[in-house]
Structure formats: structure tokens, C-alpha cells
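Hello,

Here is the structure I promised to pass on to you. Have a look at it first, and then read on for what turned up in it.

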Amino acid sequence: YTPRDTTLQNDTLDLYIQAVLEPRYNADLEINVTERNSDRIGPGLSLGLKKKNAFRGAELLAFKLYGSYEWTTNLEHEQGNGLFNSYEVGTKLSLDIPRMLLPGMHPQRLRFPASTSISIYGDLLNRASYFRMLSFGTSLTYTWRRNRTSRHELSPISLTYDKLNRTTLQFDSILRESPALAVSMQDRFVPAMQYTYAYTSARGHRHPLTWQFSIKEAGGLTSVGYALAGHKFSEKNKQLFSNPFAQFIKVTSELHNNWRLNTNTRLVTRVMGGIAWAYGNSQFVPYSDQFY
């Protein structure tokens, strides 16, 4: 700040700002090795690329490519098959926009921070001696904060498509012994909506508290569309894009508490629970939305 002049009557300061542009491009590389207690070991690789201010509106465009491979260290389990060719490859493209994009709404009307996120992904998972699954999907998510302690997140559109394109005789025998697993692993199209509320204690709180509540609903609007076309709600195996669509409600809640016992000691607790209920077109909740 610099005074406009040096007279005693001066009541104006000139403000000078020095700004430095951040690099517009960012890249990160992650390499890891995973060892499991089922005699599996293998490397993983993840490459991420980001472009800031992608369309000159402070947007963040991100691209991620990842993959992993595993083989067995106990060849007796593979009955002489050699390498344990389990692998996973996938990619994800996302765009984060620091304002809420809604039809008919001007971003400047909002008096609080808001953002819009659009993403699309694809994943190929191969489990040797069991199955190979192809998954891809897309989502649209709005995030906003009315104050510093509360965060809201709404995904009006979330589409997931899972397809088993290969199974082994060993895996088929497991599915025959477990009907619930067989149904949950079926090809499935999941059109869902999700809302999440998160609360965080105000800054400086002696015992910080974090609470998150989430509710997810799948297949409701799709089933209404079928009902308008003359199909009954109780009708099973209704399909969309040649796959039965999932229909369920899932509610989860998670609580974190950070108790400050003294200057150097804290007790951190975490409690989480959830309920999922399949109805209508589904007998069981899809495998990807079950609890584990």
C-alpha cells in the first residue's frame, strides 16, 4: 500500500499487486507393489495429467491412466498354469468447474462457493481362474458450501455399466453354490442419484468433529418411465441398454471425532455404518455397491 500523496489531507492509498502465474500443466506418476496373503504379488502404475485454466475460466481438466498386474508365488494353486495373470487397466477423464452449471441459472446469482464436476471412466478387471469384468460410467456432481462447516454434494446423474464378458468353470461352480453372489455379479446397468452432506467443526475447536451422511438411490426414475409405458413396478428383469437395471436404496453415515487429551496426545475415533435395500427390478444390491 502506497499513499497517494504526502499531504496531511491524504486519505487514499494505492494498492499494488504482484501476481505470478502457476504452471498450467501438472503431471504425477505413482508406482507401487502389492503383496496379498493369498500368495499374490505384483506392481501397479498410475499416470495423471492435469491442465489448469483449461478453458480460461479456472477449470481443471484431469486425465488418469492406471494399471496393475499380479501373479502367484505358489504355483501349486495354479495347477501348473504358471504366471497368475490377474490384471486391471483403466482410465478416467474429469472436468472441474468452479461454478454451478444449471440450466437457466447465472453463476453470479449464487452468494456462496459452488462447483460442478463431470467425469467419465472405463475399467477392465481380470481375475485369473475366475472372471473378467468390463465397467464404464459417467457422473455429474454439484458441490456447494453455505458456510465453513457444512458441505453439500449432489449427483443427479450417475451411470454405471458392468458386464462380465468371461467366467471360468471354477467361478461358475462358486456362483451355483452362492445364489446371492451370482445375482449380484450379473451384468448390470446402474442409473443412480446420490446426495451427501458433510459437517466439520469450526476451525480452532478443541475436539474436532466430522460427520458425513450419504443416500443413494438407483433405478427409481427409470422404473417410473417403464410404468408410464405400461410395465408394472413388480415386473422383474426390465432392461436398459440390453442389461437389467439395478434398483436399490443405500444409506451410509460416518462419524469422526478427535479428542485432545493433552498437547502431544490425541484420541481419534471413527464409527461408520450403512444399510442397503434392493427392491423392484433387483433382488440383490449390485456387487459394486455392497458393503465389505
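**A pair of rings and its surroundings**

Phe189 is buried, since its relative accessible area is 7%, under the 20% cut-off for that label. Please keep in mind that this is a predicted model.

What does Phe189 pair with? Its partner is Tyr161, and the two rings form a tilted aromatic pair, with 6.5 Å from centre to centre and 55° between the planes. Tyr161 belongs to strand 9 and Phe189 to strand 10, so the pair ties together parts that are 28 residues apart in sequence. Tyr161 counts as buried too, because its relative accessibility is 15%.

Both of these residues are also touched by Asn243. Asn243 sits in strand 13, which covers residues 243–244. Other contacts of Asn243 include Asp162, Asp187, Arg188 and Lys238. With 2% relative accessibility, Asn243 is classed as buried.

**The largest pocket**

Next, have a look at the largest pocket, which has a volume of about 1,400 Å³. It is lined by 43 residues, and the closest to its centre are Tyr121, Thr160, Lys216, Ser288 and Asp289. The lining divides into 15 nonpolar, 18 polar and ten charged residues. Which strands contribute to this lining? At least two residues each come from strand 6 (86–97), strand 7 (114–127), strand 8 (131–144), strand 9 (150–167), strand 10 (188–200), strand 11 (209–218) and strand 14.

**A residue in strand 14**

Strand 14 spans residues 248–262, and Asn257 has its place there. Is Asn257 buried or exposed? It counts as buried, because its relative accessibility is 14%. Leaving aside residues up to four places away in sequence, Asn257 touches His207, Pro208, Leu209, Leu267, Val268 and Thr269.

Enjoy exploring it, and write back with any questions!

Best wishes

Key:
Residues numbered from 1 in each chain as written. Predicted model: local features only at pLDDT ≥ 70, side-chain atom pairs only at ≥ 80, totals over all residues. Heavy atoms only, no water. Helix = DSSP H or I, 4+ residues; strand = E, 2+ residues; numbered from the N terminus. Buried < 20%, exposed > 50% of the residue type's maximum accessible area, 1.4 Å probe, protein only. Contact = heavy atoms within 4.5 Å. 1 Å grid on protein atoms, 1.4 Å probe; cavity = no way out; pocket = protein on both sides within 12 Å on 5 of 7 lines; lining within 4 Å. Points joined across faces, edges and corners; volume = space filled by probe spheres on them. Nonpolar A, V, L, I, M, F, W, Y, C, P; charged D, E, K, R; others polar. Phe/Tyr/Trp six-rings, centres within 6.5 Å; stacked < 30°, edge-to-face > 60°.
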